[in-house]
Amino acid sequence: MSILVIGAGIGGLAAARALALRGADVTLLEQAEAITEVGAGLQISPNGFAVLRALGLSEQVAARSVRARAVSLRDYRKSEVLRLDLTQQGGDGFLFVHRADLIDILAEGARAAGVKIRLLQKVKEVDAGDRACVRLANGDERHADLIVGADGLHSRVRPALCPTQEPFFTGQVAWRAIVPNFGNQPEEVRVYMGPHRHAVVYPLRDGSILNVVAVEERDAWVEESWSQKDDPDSLRESFAGFAPELRAVLERVNEVNLWGLSRHEVAPLWHSDGVAILGDAAHPTLPFLAQGANLALEDAWVLADALERSGTVAEGLEAYQSRRRMRACRVIEAANGNAWKYHLAFPPLRFAAHTALRLGGMLAPMQILRKFDWLYNHDVTRG
């Protein structure tokens, strides 16, 4: 079976390896001149780590990651509100990893499985059919039994399946930066919750650097682009009233990216004759549950598994969407609902909410963790 995968991101590379390991003839098309990734961290949770394990890449990823031991929710000026001990929730599967490191490992894994990676291949459009076709910007055409669109937010493959629906700006923007870990923050993610904004900080690699993501509510529209630069002083000004430890981290920011957060509808149709989509091409998610990469890994495995288990490509693609769409919708809905909880501005309401979290953490910490069993304990590799 010949398969073209469009996009050398996390989902595309994972799908390429998963399909090639099952005997498919896989070619991956990437428009960039090299498989690189801008500096940023991401969180792998047990549901995503299960896929990396099944792909035979878990040891390599773990060796280049920081094992996450806790989540610390903090009032923006005061003390810790709630600590969640991740070691009580199968902590081996909670990792902080630099996105570039994960991409490197997945690319090496894809090549080792026999995937042919072709760079400088800019896709213009895709046609579905018995021999689906990719038309490139240089005029070339490529045909395959199956085309897999893993080409992200601005997918060229998704329009071949369903009309593109316009996203809407959420009224929130996010900064992203990498800074030195001079304060020796331990192996935990710290979330600083404040009026109309919050910041997330966690260590990467050997713990020598920190990943910073800061979100602010804003009326003015901002472009949805990870590569857009901003003035670090703008970030520092927005979080000037936060705890000294966070301000010390932000003082080290020399370069920062800013992007507008938009909400996209989950694609109503994920497949057609000879075409399928996965990851952000199918279901972009807001970064309030740290599940974008994990969902893409889940998609990649289920797509390959469903095709292997089915008698025809059409049956396999139908099974893939059936197994994935409701799961993705549930995760995205949970992520959408998280932002306001971090941004409580009315002091009495914030005090009441934080008091409830403190009491819950003291009286029944495991009960809080169990609320996420449906998310983290979901293992697509077990069928």
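Start with the three-stranded open sheet, ordered β9-β10-β11, where the pairing is antiparallel. Strands here are DSSP runs (E, at least two residues), numbered from the N terminus. Two of them pair if DSSP finds at least two bridges between them. This is a predicted model: local features need pLDDT of at least 70, side-chain atom pairs count only at pLDDT 80 or more, and totals for chains, interfaces and linings use all residues. Residues are numbered from 1 along each chain as its sequence is written, and side-chain values use heavy atoms, with hydrogens and water left out.

Axes are lines fitted to C-alpha atoms (for helices over the stretch in contact), and angles run from 0 to 180 degrees between N-to-C directions.

Next, select 132-136. This is β10, joined to β11 by four bridges in the antiparallel sense. Click V134: its bridge partner in β11 is R142.

Now move to the eight-stranded open sheet. Its order is β6-β5-β14-β15-β16-β13-β18-β17, and its pairing is mixed. Which strands stand at the edges? They are β6 (80-85) and β17 (229-230); each has a single partner strand, so one side of each is left without a neighbour.

Select 70-75 and 188-194. These are β5 and β14, which run parallel and share six bridges. Find R74; Y192 in β14 stands opposite.

Finish with 347-363, helix α10. Helices are DSSP runs too (H or I, at least four residues). Helix α10 packs on the sheet, touching β5, β6 and β14; contact means heavy atoms within 4.5 Å. The direction of α10 makes about 35° with that of β6.
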